[in-house]
Amino acid sequence: MASKLTRSNRAGWAFALPGFGLIALFIIVPFFFAFGLSLTNQRLISPNPTAFVGLANYRDLLGLGVITLEPERDAGGQILRGADGTPDYPRVRNFTRNNPDHPRLDGMREWFRWQSGDTQKVVVAKDVVFMKALVNTFTFVLIVAPLQAGLALLLALLINQRLRGINVFRTIYFMPVVVSIVVVSLLWRFIYSGDNGLLNNILSVLSFGLFRPVDWLGNPSTALGAIIAMSIWQAVGFHMVIWLSGLQTISPTLYEAARIEGSSPWQTFRHVTWPGLRNTAVLILIVITMQAFAIFAQVDVMTNGGPRDATQTLVFQAVQRGYGKQDISGGSAISVILFLIVLSISLVQRWLTREKN
Amino acid sequence: MKLTLTLAGALALVSGVAQAQTEISMWYHGAGNEEEAAILKGAIEDFNASQSDWTVVMQSFPQIAYNDSVVAGALGGSLPDILDVDGPVMPNWAWSGYLQPLGLDEAQVAAFLPSTVGRWDGQIYSVGLWDAAVAMMTRKSTLEKYGIRIPTLDQPWTGDEFDEVLATLKASGDFDYPLDVGMAWTGEWYPYAFSPFLQSFGGDIVDRDGYQSADGVLNGDAGIAFGEWWQALFANDMTPGTGQDPASRDTGFLDGKYAITWNGNWTAATVLDAFGDDVLFLPAPDFGHGPKIGAGSWQFGIAATSEHPDGARAFIEHLMQDRYITAFSDTLGLVPATATAAAASKHYGPDGDMAVFYDLSEQQALIRPVSPGYVVMAKVFEKAVADIANGADVIDSLDAAADEIDADIQKNDGYGH
């Protein structure tokens, strides 16, 4: 079998060789490198010898713990309360720095906390920034994937009509895709500017001056949303084109039949268009998910992961560590974790969207 | 007969090689800046013509890709003979084995500003023809209008006085912000421009005694005092925050949106063009431990792999002449590395319009921590001051930064100190 594959396809293999070679050289080999490096303490540049450290890098990233904080009490056992009546709690750092009673928590930092009665539960993490990056990346993917796919389908349906000048709209919708993401990010930095950015000005005019200017990228509660909105706008045109190609594979005779049967536009979409787009939908879902997990340039140009880690993402952290802080092994560990996440999600998506027969 | 002919031929060949100039390669970070390149090319031509042993060949890189190119070159074993290196990065390259000691005598650098001589492990590794300096730039008319004392090098504003100045300017309502510290310039600007405030409070990025820990120095009482002052600047809208767009940073002061801007001598020419005699370049405020500004700019060094360190050294010695130092300063507005070159220069001479920057460099400059770990400390510090500016808890942020710096030093076995 294998011999037939090689023999009868000699020209095919020859044609594929450059592509395979480049993929192997720049994707497969570096992946194995990353996996190997993540098990060492390799620095980007250093005269110190590299040593095998096992899973230490992963432990440093993923370590979690919970501390229960009892309120401070005075000698008589009464809870000490601040001016506003809330109890005083000991500092988390007392537990996580050089505390022989809690060796497992050493070096951890507070991630978040919640109140239960008079005690507080604090979740501490070995690497709070990584945890925040993980949560932000998932948030980004969960919002971007459905919104971008849906919006792209809507645009594709709009431009899949025979109208005069429809190519103008196709071009306009597709334009952001061909402009470099770095340029787009820079432009949007001006649009989002808190002082006199375009967005603030427009909102101010539309609301007759009632709208108070917002520093979109400088405010932890709006920064991630701002990046999500801009990212959806930037890449929607690309997925629109894929939808469009899917739409154009659907045979016109099916639409004709539907019209003769007297089906409404919604029924046509539901029973003719959507089933015909099945394979396209699977492709788009997987592509958007992978692309969204790789979000980097927008963060790098617009916020640097700030304000207060509100826009940290996994790839940004991998680059920041591996290159900025010269900790190639730590950056590699993040890359491997990201790979495993994307791989498992893609497998689940494949399984959920499999042909059921 | 045949043998003698061959011998003669071989001899001729050998002497021919000895007469030809040996090539010395050099990398430079300033691609795209034609004025800068012209001076350096002129210096190289002078050198190549002045002696018959060496010929220097320069290759320029865009600044943004330069450090990466050097790291890649080192990993690939293809570094040139002469490198230029940013002052605070030099210890990292020396420790990593990219650079070799320059082999200059102390006497040769005696006239140079201390911040232009790169030292690591007790040896000189790099030398620069210029330094950069930052100042509080404002207009005399602004200060006079609001009755604010004009500080001097000997009597800078105290921390409290500075806060009052900002409050006065803020209360006037004439400016978007009384101060602009330049949060739009992310990257090395943060540690370069903001760690001197911390140092003036009495803290530092790392304990310079041995460079083994930041604990208690970065997050000690002085560090916390700095952090609280820093956070208040942003909480009270005294200066634009991290969301500042780069265009406002470049033109905000010129447009009158900011009353005072914390900015470098490289922008001095633009400011002078706009406001002429009205411009004031003022020293940093004194928060208790003297006014401080950052120091250390691009310098020249010799790669460890160079096969011709003699030639490389000869060229660097050639570059260290006052005439080139003056030329760079006249064209680019940089602070000349020697007093004699400064006296001969356009901007830094006795009546030069930027002379104050030389005095600032000489009297207040404190170079960034001289440690191979600085490249990491710089990133950690940048994040900490950005987080604090955005309202993060001061003590927690500084504690986290100190922990991260200490962990990194440990991971690197103390960085060879």
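## A tour of the two-chain model

Select helix α6 (residues 166-178) of chain A together with α9(A): their axes come within 7 Å and cross at roughly 115°. Axes here are lines fitted to C-alpha atoms, for helices over the stretch in contact, and angles run from 0 to 180 degrees between N-to-C directions. Helices (H or I, at least four residues) and strands (E, at least two) are DSSP runs, numbered from the N terminus. The model is predicted, so local features need pLDDT of at least 70 and side-chain atom pairs count only at pLDDT 80 or more, while totals for chains, interfaces and linings use all residues. Residues are numbered from 1 along each chain as its sequence is written, and chains are lettered from A and ligands numbered from 1 in the order in which they are written.

Stay on this pair. The crossing of α6(A) past α9(A) is left-handed (the near helix is turned anticlockwise from the far one by less than a right angle; clockwise would be right-handed). On the α6(A) side, show A:Tyr173, A:Phe174, A:Met175, A:Pro176 and A:Val177. They meet residues of α9(A) including A:Trp233, A:Phe238 and A:Met240; two residues are in contact if their C-beta atoms, placed from the backbone, lie within 7 Å. By class, this contact has 10 nonpolar, 2 polar and no charged residues. Ala, Val, Leu, Ile, Met, Phe, Trp, Tyr, Cys and Pro count as nonpolar, Asp, Glu, Lys and Arg as charged, and the others, Gly among them, as polar.

The contact of α5(A) with α9(A) has 20 nonpolar, 5 polar and no charged residues.

Next, go to two loops of chain A. A:Phe208, in the loop between α8 (198-206) and α9, is not a glycine but has a positive phi of about 50°. A:Pro307 lies between α13 (297-302) and α14 (314-324), and a cis peptide bond joins A:Gly306 to A:Pro307, with omega about -15°. Most residues other than glycine have a negative phi, and most peptide bonds are trans.

Now colour chain A by pLDDT, the predictor's confidence in each residue, from 0 to 100. The mean is 89, and 97% of residues reach 70 or more. Confidence is lowest in helix α1 (residues 2-8), at a mean of 63, and highest in α5(A), at 95.

Zoom out to the whole of chain A, which has 15 helices and 3 strands. Its radius of gyration is 27 Å, whereas a compact globule of 357 residues would have one near 21 Å. The radius is taken over C-alpha atoms, and the globule rule is 2.2 Å times the number of residues to the power 0.38.

Switch to chain B, with 17 helices and 15 strands. Its radius of gyration is 24 Å, close to the 22 Å given by the rule for 417 residues, so chain B is as compact as a globular protein of that length. Mean pLDDT is 90 in chain B, but select residues 7-18: there pLDDT stays under 50, and the model has 0 contacts beyond four places in sequence.

Finish where the chains meet. The contact takes 26 residues from chain A and 26 residues from chain B. The chain A side has 7 nonpolar, 11 polar and 8 charged residues. For the complex, the predictor gives an ipTM of 0.84 and a pTM of 0.88.
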